[in-house]
Amino acid sequence: MAQLIYSKGTQVRNDEYMTPKGAWEDIQMYIPGDKLIWEAFYGDGTSGQYLRELGFDVIHEDVDFYSRIPSADEICVSNPPFSGTQKILQRLVDIDMPFILILPSSKINTQYFRNIFANRSEPIQLIVPKKRISFRCLTETGTYEQSKSGAWFDCFYYCWKMDLPRDIMWL
Ligand SMILES: C[S@@+](CC[C@H](N)C(=O)[O-])C[C@H]1O[C@@H](n2cnc3c(N)ncnc32)[C@H](O)[C@@H]1O
């Protein structure tokens, strides 16, 4: 399902940004332990494995996000393909599924984000990471690159119906 958008030098900018374990460790206190976690976007499978290592019950399979019907006790915790943000957010809201999604911070400025969430009674809540997330990024040659200083863009953990104690949580 790799989708190349454009590249700059050797850094490929696409949907293949794998989440490092530390990014889940940083917010594990905000992920409810009594829920079934749907890590809906498989990538190379490591993200779901990391969540399991942290003690969560996790569904993480290489299936199409739009064709799976989740059960009512699931919450979606994932790092989705950034190019599909609008459709993904719309589907999660339509099926009334609480979520924590890692997405670029710029997404909150989009018109579609405003349309989906601005007048909703359950607000979007944000967890702000301490530093940029060091995703493992798939390159054109099929190898991974990971910058120690983090990605070239900032991210938030966008949370919906997660009942965080504050609307903006600073890690
Ligand atoms: C940003 S990557 C993150 C992968 C993984 N969730 C992680 O955090 O390491 C998003 C992944 O979703 C995959 N993807 C794209 N469209 C999808 C779809 N409709 N259903 C499931 N996966 C999809 C992409 O190929 C990519 O591997």
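**Exercises on ring contacts and strand order**

The model is predicted, so local features require pLDDT of at least 70 and side-chain atom pairs count only at pLDDT 80 or more, while totals for chains, interfaces and linings use all residues. Residues are numbered from 1 along each chain as its sequence is written, and side-chain values use heavy atoms, with hydrogens and water left out.

**Exercise 1.** Classify the pair formed by tyrosine 17 and phenylalanine 135, and state whether each residue is buried or exposed.

Step 1. Rings of Phe, Tyr and Trp (its six-membered ring) pair if their centres lie within 6.5 Å; planes under 30 degrees apart count as stacked, over 60 as edge-to-face and the rest as tilted. The count by this rule is 16 aromatic pairs.

Step 2. The ring centres of tyrosine 17 and phenylalanine 135 are 5.7 Å apart and the planes stand at 75 degrees, so the pair is edge-to-face.

Step 3. Tyrosine 17 belongs to strand β3 (residues 17-18) and phenylalanine 135 to the loop between β8 (124-128) and β9 (136-138); the pair links distant parts of the chain, 118 residues apart. Helices (H or I, at least four residues) and strands (E, at least two) are DSSP runs, numbered from the N terminus.

Step 4. Buried means under 20% relative accessible area, exposed over 50%, partly exposed in between (1.4 Å probe, protein chains only). Tyrosine 17, at 7%, is buried, and phenylalanine 135, at 4%, is buried.

**Exercise 2.** Classify the pair formed by phenylalanine 113 and tyrosine 158, and locate both residues.

Step 1. With 5.2 Å centre to centre and 50 degrees between the planes, phenylalanine 113 and tyrosine 158 form a tilted pair.

Step 2. Phenylalanine 113 is in helix α4 (residues 111-117) and tyrosine 158 in strand β11 (residues 155-160), 45 residues apart.

Step 3. Phenylalanine 113 is buried at 4% relative accessible area, and tyrosine 158 is buried at 0%.

Step 4. One aromatic cluster is made up of Phe99, Phe113, Phe117, Phe156, Tyr158 and Trp160.

**Exercise 3.** Which ring face does arginine 68 lie over?

Solution. A charge sits over a ring if NZ of Lys or CZ of Arg is within 6 Å of the ring centre and within 35 degrees of the ring normal. Arginine 68 lies over the face of tryptophan 38, 4.8 Å from the ring centre.

**Exercise 4.** In what order do the strands of the open sheet lie?

Step 1. Two strands pair if DSSP finds at least two bridges between them. The 3 strands follow the order β3-β9-β10, with antiparallel pairing.

Step 2. β3 and β10 (144-145) are the edge strands, each pairing on one side only.
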